[in-house]
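I opened a new page for this entry. I wanted to look up the ligand site and then the sheet.

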Amino acid sequence: MTRKILILPGDGIGPEIMQHAVRVLEAARDRYGFEVELEHALVGGAAIDAEGTPLPATTLELARAADAVLLGAVGGPKWDALPTAQRPERGLLGLRSNLELFANLRPAILFPQLASASSLKPELVSGLDILILRELTGGIYFGEPRGVERDASGQRRGFNTYVYTESEIRRIARLGFELAGARGKRLCSVDKANVLEVTALWREIVDEEARNFPDIELSHMYVDNAGMQLVRAPKQFDVIVTGNMFGDILSDVAAMLTGSLGMLPSAALDANSKGMYEPVHGSAPDIAGKNLANPLATLLSIAMMFRYTFAQARLADELEGAVSDVLDAGLRTRDIAQGESASVQLVGTDAMTDAVIKAFSQRLDAS
Ligand code: NAD
């Protein structure tokens, strides 16, 4: 079976990371028989420059035809003056909505080797491995009616609508239980059911779905408490499932527990596990073209692709293991080297990727 992967390098550090990162897929093919066909296309600022739009029709067509999409990053000062509807980021939003990617998976994993990079005490975060599952296509970010209008007295009034249908809640809840089933078997659903009716319904549906997953331990938590618990004792969580807005906020909090943007992968999945995989970081124009970018978030996004779209847990485990091997060996890009001892070796994007691919290949060959 040949899998089709669409590569969208994007802007800034996206292309320089991607040019090295795709070699991981070649290693998986050569060493493990993971047959893969790669297509490349433009998105974001690069697509604006070449075709006048952040999401050309050909890119969307290729994305629809692919089994998975791997994206670098989009954006940069060159396109900042454009109106919102024409900006590079629109390319990303267009892909998410056109591909119906309703589930955003954001793991927060802290490799023990980097525990000192977190703003929390090392013992609170060392070995942290939690997964935040955020509903991505519904909730208050999309609800209608929305707008700003004048009331009878002439005063302006802004409003949004927080709405979820039963089926939207059910499909994200089900995925939450399934993901928990493949990990630590604990799911925490986050809501504000004491104040918002829509999230009281959320809680009711999650409870209903729980009956189909008797081996998963379900808990519920109000979002204010969840924010507090994430910084107090983050290792208490396994999988957190929540709506769009709460997930947006909590996943950023969880991300920062790990200390570095350069280490954080993400996935957005549709109902058939087709996914778009991308690092959480942006295009980092300040370091673009300098061989300083940390490629590990992108490499870990490829590991997620192996795991969630292609059900290749072995490849995912070995790639994550390879990242850990390289950190054990003391290799660090500049962003994760702060405060480290003399035993670390400062490397660039290319050398870091080479080292991970070498460790990955050795792991695949060893068994
Ligand atoms: P950013 O994530 O690009 O950079 C923030 C800081 O982190 C910078 O100092 C940068 O050098 C550093 N950094 C980011 N990724 C790194 C990596 N892999 N290795 C080492 N250091 C890294 O965020 P920003 O500066 O707010 O945004 C820059 C551009 O990226 C903007 O145009 C923004 O709209 C866009 N953006 C895109 C995405 C995306 O494509 N998903 C996400 C966020 C921001």
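I counted a residue as near a molecule or strand if one of its heavy atoms lies within 4 Å of it. The model is predicted, so I noted that local features need pLDDT of at least 70, side-chain atom pairs pLDDT 80 or more, while totals for chains, interfaces and linings use all residues. Numbering starts from 1 along each chain as its sequence is written, and side-chain values use heavy atoms, without hydrogens and water.

Ligand. I found 21 residues around it, and Val74, Glu89, Gly282, Ala284 and Asn294 come nearest. I looked for polar contacts (here, pairs of N or O atoms within 3.5 Å). A polar side-chain atom of Glu89 is 2.4 Å from a ligand oxygen atom. For polar backbone atoms, I noted 2.7 Å from Gly282 to a ligand oxygen and 3.1 Å from Ser283 to a ligand oxygen. Alone, the ligand exposes 800 Å², of which the protein buries 68% (Shrake-Rupley method, 1.4 Å probe).

Sheet. I used DSSP runs for strands (E, at least two residues) and helices (H or I, at least four), numbered from the N terminus; two strands pair if DSSP finds at least two bridges between them. Ten strands form an open, mixed sheet in the order β2-β1-β3-β12-β11-β4-β5-β10-β8-β9. β2 (36-40) and β9 (217-222) are at the edges with a single partner strand each, so one side of each has no neighbour in the sheet. Strands β4 (residues 103-109) and β11 (residues 265-269) run antiparallel, joined by three bridges. I noted Ala103 opposite Leu269 in β11.

How values were computed
Polar contact = N/O pair within 3.5 Å; in protein donor to acceptor, adjacent residues only side chain to side chain.
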